[in-house]
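Hi everyone, thanks for making time for this. Please take a look at the chain on the screen, and then I'll walk you through a few places in it.

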Amino acid sequence: MFPEAVTSFFRLRWRGAVPLDRLFWRDLVLVGTAISIASSVVALVLLGLKMPLALVLAMHFAPVPYNLFLTLAVWRTAEKSPGAKAWMMTLGASLWLILTVVV
């Protein structure tokens, strides 16, 4: 059951079957940001414990593929909803991705 739920989660978002508001605000902004912050905190702890830099960087950048997926899912879903709101969410997702990778 668990692998099917995960597959369904990604498939629905990639196909644009999740409402844009939910995808942007809940999945990207809330959950994606929380995962990125948690990963950065763990990376800082590892750095404080003088762990190898490669491990610290791997932990810090671990959420990047997921964040990239969410950003692309927002873009794909926004293409189906023309208007200023969809354009702003596309821009917001792009800026969010840059912010989560750099910070």
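**A walk through the helices**

Let's begin with Asn67, which counts as buried because its relative accessibility is 1%. Buried here means under 20% relative accessible area, exposed means over 50%, and partly exposed is in between, using a 1.4 Å probe and protein chains only. Before going on, a word on the source: this is a predicted model, where local features need pLDDT of at least 70, side-chain atom pairs count only at pLDDT 80 or more, and totals for chains, interfaces and linings use all residues. Residues are numbered from 1 along each chain as its sequence is written, and side-chain values use heavy atoms, with hydrogens and water left out.

Back to Asn67, which sits in helix H4. Helices are DSSP runs of H or I with at least four residues, numbered from the N terminus. What is Asn67 in contact with, leaving aside its neighbours within four places in sequence? The list is Gly32, Ser36, Trp96, Leu97 and Thr100, where contact means heavy atoms within 4.5 Å.

Two of those names come back in the largest pocket. Its lining is made by Thr33, Ser36, Ile37, Ser40, Trp96, Leu99, Thr100 and Val103. H2 and H5 are the elements that give two or more residues to this lining, and H2 has the largest share, with 4 residues. The space in this pocket is about 160 Å³. How is a pocket found? On a 1 Å grid over the protein atoms alone, it is an open set of points where a 1.4 Å probe fits, with protein on both sides within 12 Å along at least five of seven lines, and lining residues have an atom within 4 Å of a point. Points are joined across faces, edges and corners, and the volume is the space filled by probe spheres set on them.

Now to the start of the chain. Helix H1, residues 2–14, has 13 residues and reaches 19 Å from its first C-alpha to its last, close to the 18 Å expected at 1.5 Å a residue. That expected span is 1.5 Å times one less than the number of residues. Just after H1, Gly16 takes a positive phi of about 80 degrees.

Next, the aromatic rings. Rings of Phe, Tyr and Trp (its six-membered ring) pair if their centres lie within 6.5 Å; planes under 30 degrees apart are stacked, over 60 edge-to-face, and the rest tilted. The count comes to 5 aromatic pairs. Phe10 and Tyr66 are edge-to-face, because their centres are 6.3 Å apart and their planes stand at 85 degrees. Phe10 belongs to helix H1 and Tyr66 to helix H4, so this pair ties together parts 56 residues apart in sequence. Phe10 also pairs edge-to-face with Phe69, with centres 4.9 Å apart and planes at 65 degrees. Is Phe69 buried or exposed? Phe69 is buried, at 14% relative accessible area, whereas Phe10 is partly exposed at 32%. Ring pairs link Phe9, Phe10, Trp14, Tyr66 and Phe69 into a cluster.

Of its 16 residues, Leu20, Leu23, Phe24, Leu28, Leu70 and Val74 touch the most other members. H4 gives the most to this core, with 6 residues.

Definitions and conventions: A nonpolar core is a set of buried Ala, Val, Leu, Ile, Met, Phe, Trp, Tyr and Cys residues joined through side-chain atoms within 4.5 Å.
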